[in-house]
Amino acid sequence: MSVSAEKADLLVVGGGVLGAFHAYHALQKGLRVRLVERNAAPCGATVRNFGQVVPSGLDSTWQAYGRESLRIYASLQSQADLSVRQLGSIYIASDDEELGLIEELHAINRDNDYTSELWTADRCRQRYPQLRSDYCRGGLFFPEEVSVNPRLMIHRLHQWLAEQPGFEAHFNTAVIDLTVDGLGRVNAEASDGRTFQAEKAVLCNGSEFRLLYPEMFYDSDIETVKLQMLRLGSQAGVDIPGNVLTGLSIRRYESFAQCPSWNAIKAKEPADSFAKRWGVHVLFKQEVDGSVILGDSHEYASAEAVDDLGFDLRTDINDYFVQEGRKIFDLPNWQVESSWFGVYCQTDQPEGIYNQVIDEHIHVVTGIGGKGMTSSAGYAKSSMEKITNDQASCL
């Protein structure tokens, strides 16, 4: 059994967006970092999402992490092309209730010093000419928010990390055992027989941490979520800039739950609708090649029942995306080029993420839920502050 040539300050297990940004912030602190990823490249939730970076949809605590993420994305984009585009986000209201909610959130944003703009229906259609006039009643626009290409961003971030001194990544490397020795060093045994040593380890590998700590995983409140989405073909002559979120998003996102009229509006919603059953809200995001990502749905399973989610893609859910999408935009191409699902895990912990420390040196940081692309960069900065402070206190 061989040991990695140079002991690291931090071992990161998991190369998705949350793990990669832990590595990024550790490097900013001058630490030596080893990152291990069981696959040839990240292939989970990090690459199977919309690529919308939308702090506007989060509660006040996580919005702060999201806003910090915006600053970090901007800094990295100035050094390397991560596919970051600052085109803003818009929430389009389809009725009086949704219009009232965006007006209330606009007031909350003003108090939080987060820039948002109330747009009339005409102003919305100026920016989005294909937007249907019988759907749009008005919009709330967030000019600071950005989009990334989810299938490119993480790979380009890894390329940037690989160029930094003090960093090593090991792909196709599964950690099968983690222990802390008598000197307080973390020893990670890999499936290929190698052992990596570090002062601290952080596990950011989603629900896969159950392979290392099954009892902890199954005793947790971690919930697994399966999301389905699709891609429409290229839209000739159509420009849909930024992140487009619609009435069902207004009725779903945490930020709107802070609004005074939220509870009364939610109480009136039918409990047996298709959208409720499958957790659907309708999002649009156009990629550089003109194609449009449309979705998404949400199915839930507890930690012990994760396999119940299955691997099927539901045709009726895809049909519903297109059916509802046609009510919102007049697009020239509704041909579905591809469809897929992603899986993430989430928790009801008050912090909004699953965060546990094992043997004082191993940090399990997972269950960030659907806010990973938006908040991982900012949250990982805070997380690394805690991890390094713990390390200092042990010296």
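In the predicted model, Gln-286 stands opposite Val-292, a residue of strand 15. This contact belongs to an antiparallel pairing of strand 14 with strand 15 (residues 292-295), which runs over four bridges. The two strands form a hairpin with five residues between them. Within the turn, Gly-290 has a positive phi of about 95°.

Strand 14 (residues 283-286) also pairs with strand 13 (residues 243-245), again in the antiparallel sense, here over three bridges. In this pairing Asn-243 has Lys-285 of strand 14 as its bridge partner. Both faces of strand 14 are covered. Leu-283 and Lys-285 lie on one side, Phe-284 and Gln-286 lie on the other, and all are buried.

A search of the whole structure finds 17 aromatic pairs. One of the aromatic pairs is formed by Trp-62 and Tyr-65, with an edge-to-face arrangement, a centre-to-centre distance of 4.9 Å and an angle of 65° between the planes. Trp-62 and Tyr-65 both belong to helix 2 (residues 60-77), where they are three residues apart, about one turn of the helix. Both residues are buried.

Tyr-128 and Phe-329 form another edge-to-face pair, at 6.3 Å centre to centre and with 75° between the planes. Tyr-128 is located in the loop between helix 4 (121-127) and strand 6 (138-142), and Phe-329 in the loop between helix 10 (315-328) and strand 17 (336-346); the pair therefore ties together parts that are 201 residues apart in sequence. The relative accessible area of Tyr-128 is 0%, and that of Phe-329 is 1%. Because buried means under 20% relative accessible area, Tyr-128 is classed as buried, as is Phe-329.

Ring pairs also link several aromatic residues into a cluster, made up of Tyr-91, Tyr-114, Phe-142, Tyr-253 and Phe-256.

Contacts between a charged side chain and an aromatic ring involve two tryptophans, Trp-119 and Trp-62. The charged end of Arg-123 sits over the ring of Trp-119, at 4.0 Å from the ring centre. Lys-371 lies over the face of Trp-62, 4.6 Å from the centre of the ring.

Technical notes
Residues are numbered from 1 along each chain as its sequence is written. This is a predicted model: local features need pLDDT of at least 70, side-chain atom pairs count only at pLDDT 80 or more; totals for chains, interfaces and linings use all residues. Side-chain values use heavy atoms; hydrogens and water are left out. Buried means under 20% relative accessible area, exposed over 50%, partly exposed in between (1.4 Å probe, protein chains only). Two strands pair if DSSP finds at least two bridges between them. Rings of Phe, Tyr and Trp (its six-membered ring) pair if their centres lie within 6.5 Å; planes under 30 degrees apart count as stacked, over 60 as edge-to-face and the rest as tilted. A charge sits over a ring if NZ of Lys or CZ of Arg is within 6 Å of the ring centre and within 35 degrees of the ring normal.
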